[in-house]
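User: Please take a close look at a single part of the structure shown here, and give me one connected account with the cut-offs stated.

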Amino acid sequence: MAVTETQITEALRAIRLPQGGDIMSAGMISGLTVRDGHVGFAIEVNPAEAPVMEPVRKAAEKVVMD
């Protein structure tokens, strides 16, 4: 069964931010594409926050791969 953009969006809503909320509601996801079983997206963060956001990036990757 092929994965859908809706399924990916819902999975990403489960990724919580350190300051509260989730990455989808915060508008941090851009360029979400699902094509031939492949998923692509970007998480937009302030470069100064990159070290703090690394666990969020890893969690987003994991939830999409599972």
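Analyst: Met53, Val56, Ala60 and Val64 are the buried residues of helix H2, where buried means under 20% relative accessible area, exposed over 50% and partly exposed in between, with a 1.4 Å probe and protein chains only. The model is predicted, so local features need pLDDT of at least 70 and side-chain atom pairs count only at pLDDT 80 or more, while totals for chains, interfaces and linings use all residues. Residues are numbered from 1 along each chain as its sequence is written, and side-chain values use heavy atoms, with hydrogens and water left out.

Helices (H or I, at least four residues) and strands (E, at least two) are DSSP runs numbered from the N terminus. The 16 residues of H2 should span 22 Å at 1.5 Å a residue, and its end C-alpha atoms are 22 Å apart, which agrees; the expected span is 1.5 Å times one less than the number of residues.

The buried residues of H2 pack against H1 and strand E2 (38-43).

Ile23, in the loop between H1 and E1, is buried with a relative accessible area of 0%. Leaving aside neighbours within four places in sequence, Ile23 is in contact (heavy atoms within 4.5 Å) with residues including Val56 and Ala60.
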